[in-house]
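Work through the exercises below with the sequence and model open. Try each task before reading its solution.

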Amino acid sequence: MDNGTPPRRYPYSGTGPRRYMSKAQRACDLCRSRKSACQIDTAPPCRLCRVHGQHCEFTDRIVRKKRRPLRATPGPSPSAFNDGNASNDGRTNESSEFASSVQPMDSIAMHMTEGAMHGDAPRVVEQLYDLSVVQGLEDSHASVLGSGDHGIMDELMLSIYEGQGLSLIEPNPAPGPPSLDNHPSLSSQLCGLTGDMDPYVLRHYRFDARAEFPFSKLAIRSVQNTEIPVQFLLSKPELSNESKAPSSLETPFAKDALPELSQIVAPEIGERLIQLFSRFVNRQFPIFPEDRLPEPRAAPAHLLAAIYLITQPFTTFDDYLCIEFVYSPPSPQVLLGIAWSELSNALSQPTIQSLQAALILLLHPPLNPLLLDSSMKWTLLGMTVSMAQTLGLHLDPAMWNLPSNEVHTRRRLSWVVFALDKWLAFSFGRPSHVSRNNWLITELDSSDIESGDPTSDAHAYTIEFSKLTTILDNVLESLYSIRSLSTLCKDFRLTISSARPLMQNLTEWHTGLPLSLAMAPAPGCKQTSDDSASLHIAYQAVKILILRALLRPFSNMDHLSSELEPNEEWHAARSQIRQTASAEADMALSLISNLQPAHYQAFWAPWLKTSFACIMNLLFLLTVTAHQLCGSEGTDSGEEYRRLRQTLDRARMVFRLHAKSLDIIRFALLRIDAVFWIGWERVLGFP
């Protein structure tokens with residue numbers, strides 16, 4: 001320790017760990033400043049100092065940053081990009097044609113950037129994310145996160161991401177490549193190309209000699225680092241148990257110990273919950289006809305339990321339930337146990353009601369907002385698709401000799417199964433279960449949705465989301481199918497020609513949205529919830545998927561064929577696509593910045609967690625690859641890297657501010673915060 005520094009003091013005998021909340025054995029300076037638990041196993045350094053690479057000191061000199069008042073500044077949003085980004089050398093190649101196809105700004109972008117000049121895009125960005133304001137947010141971090149959240153965040157990061165690796169599970173690894181499938185204590189999950197952990201980002205992590213990047217209870221293992229990188233997420237049993245606890249397929253009670261549903265939720269309470277389901281969930285995903293909702297005294301228990309489970313977050317909008325459920329709401333674990341137990345019994349003879357229950361369970365967000373529940377949901381989805389095929393829902397019943405209401409119900413349910421398959425496939429990075437060639441109902445129109453008022457736009461969300469799902473299916477099939485990847489990942493011209501019609505269709509869909517689905521509410525609008533934001537976030541996710549596919553060929557320079565070696569056209573295309581991707585990230589951040597309280601109160605489907613994570617992943621990928629360009633392409637790339645790092649920091653602030661009101665954002669924030677918490681240089685190898 002430097003001279004003049006008070007001697008380091010810590011009241012430890014070295015015979016055991018420091019006692020929690022002990023005044024005799026007080027916390028170190030770093031833990032005290034962060035209000036975190038100081039966990040010392042035998043002697044300093046503590047766990048937090050060890051992870052951060054800090055000196056574990058006990059000097060009593062705790063210097064806290066003074067909070068600066070935040071300045072209220074208007075926040076116009078940046079436009080997507082301007083004409084100055086396009087090449088002006090007269091070339092008519094694939095890249096310039098692609099740029100023209102995505103050049104027009106979307107209607108929502110023009111609305112949010114009203115009054116801003118195209119040539120002032122950098123200035124507009126500075127106005128939206130004023131650096132002094134961001135610095136003020138960082139200085140007043142406790143006011144954003146809450147004083148207690150520092151400790152919670154540190155505990156969470158220590159429990160998941162502390163760099164102890166998997167040595168406790170595999171203390172004496174065998175020589176040669178480490179096993180992926182034959183270890184009794186490890187579970188593995190593929191990191192899919194469209195999921196929340198982008199393999200093209202993960203490939204830049206500093207893997208060890210075993211091709212692993214270790215954390216405390218999980219690790220990322222790279223098994224292939226070619227033009228299509230492949231990684232797996234490995235986890236210890238206790239982390240798997242933690243993720244299974246709130247949403248396990250196993251019932252938390254013995255079969256004979258499960259209480260009767262009517263003992264937990266009285267029928268009159270159930271009627272109110274069903275009305276809330278119709279108001280918040282069914283308007284997006286029409287599982288039931290509006291005039292034939294389930295009856296609490298007649299419907300199967302698994303269907304009612306699923307409805308009661310998914311509607312609990314909306315009980316504050318019922319004048320009776322907002323008081324009734326304050327102190328003694330039904331246990332989500334018990335409701336999930338009843339729903340799953342009864343649904344399991346119905347699998348041998350599936351019915352429309354059991355299929356409806358399975359769809360609601362798939363739509364139900366995980367009880368823990370920091371988990372994705374990919375394994376559980378993906379397994380349940382496969383069972384749901386199987387039930388639907390057994391019931392004939394993959395066929396079109398329009399000409400069948402059935403009552404008209406049954407035909408409409410079957411068509412709606414068929415589409416819901418198709419839509420959930422596509423969006424969960426995107427969210428988990430898996431190939432979808434459903435093929436368009438063997439599924440006839442892939443879109444809905446207004447005649448499929450019964451409504452008392454034919455002029456009502458109550459189901460406009462469903463119709464437009466149906467169209468967006470078709471575009472997503474085309475994106476997954478054209479750009480992310482296993483066979484197409486082998487050629488697209490190395491050929492930028494073929495990738496651009498494949499992406500161009502998809503981007504055009506997506507832009508046309510977005511510009512054609514009805515005014516009722518615009519992000520900005522109409523003057524005097526007093527609605528309690530607004531579904532439009534989730535639709536726009538889903539649109540941003542599909543657009544980012546296209547851009548990620550366009551960026552792929554430029555990440556595989558070591559695997560290019562001789563005829564595709566970098567030339568002037570290659571560099572021009574890469575520059576244009578990177579500019580477009582950077583502008584899209586700015587657009588997505590502007591969208592999140594414009595979220596309103598009514599948006600928070602709407603139903604948010606579980607795959608929107610991954611949609612938010614896609615925004616962060618795109619920024620992360622652009623930032624990491626910009627650093628790679630610094631050495632080879634001079635100061636311009638260095639400036640791009642610094643700008644993107646600042647944008648990434650601003651994005652974390654925007655996410656952090658809105659995560660307080662919208663839980664599903666916390667998942668994306670955790671993913672990127674983990675990199676900064678461990679240390680950018682430690683994860684990536686550069687500052």
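**Ground rules.** The model is predicted: local features need pLDDT of at least 70, side-chain atom pairs count only at pLDDT 80 or more, and totals for chains, interfaces and linings use all residues. Residues are numbered from 1 along each chain as its sequence is written, and side-chain values use heavy atoms, with hydrogens and water left out.

**Exercise 1. Locate Met 399 and decide whether it is buried or exposed.**

Solution. Start with the position. Met 399 is in the loop between helix H17 (374–390) and helix H18 (404–428). Helices here are DSSP runs of H or I with at least four residues, and strands are runs of E with at least two, numbered from the N terminus. Next, apply the cut-offs: buried is under 20% relative accessible area, exposed over 50%, partly exposed in between (1.4 Å probe, protein chains only). Met 399 has 78% relative accessibility, so it counts as exposed.

**Exercise 2. Describe how helix H19 packs on helix H21.**

Solution. Two packed helices are described by the angle between their axes and the distance between the axes. Axes are lines fitted to C-alpha atoms over the stretch in contact, and angles run from 0 to 180 degrees between N-to-C directions. H19 (residues 460–479) and H21 (residues 492–511) pack at about 170°, with axes 10 Å apart. H19 is therefore roughly antiparallel to H21, a label for angles over 145 degrees. Finally, list contacts (heavy atoms within 4.5 Å). Leu 468 and Ile 471 are among the H19 residues that meet H21, whose contacting residues include Leu 502 and Trp 509.

**Exercise 3. Why are Glu 639 and Arg 642 separated by about one helical turn?**

Solution. Both lie in helix H26 (residues 635–659), and they are separated by about one turn because they are 3 residues apart. Glu 639 is partly exposed at 44% relative accessibility, and Arg 642 is partly exposed at 47%.

Definitions and conventions: Angles under 35 degrees count as roughly parallel, over 145 as roughly antiparallel, 65 to 115 as roughly perpendicular and the rest as oblique.
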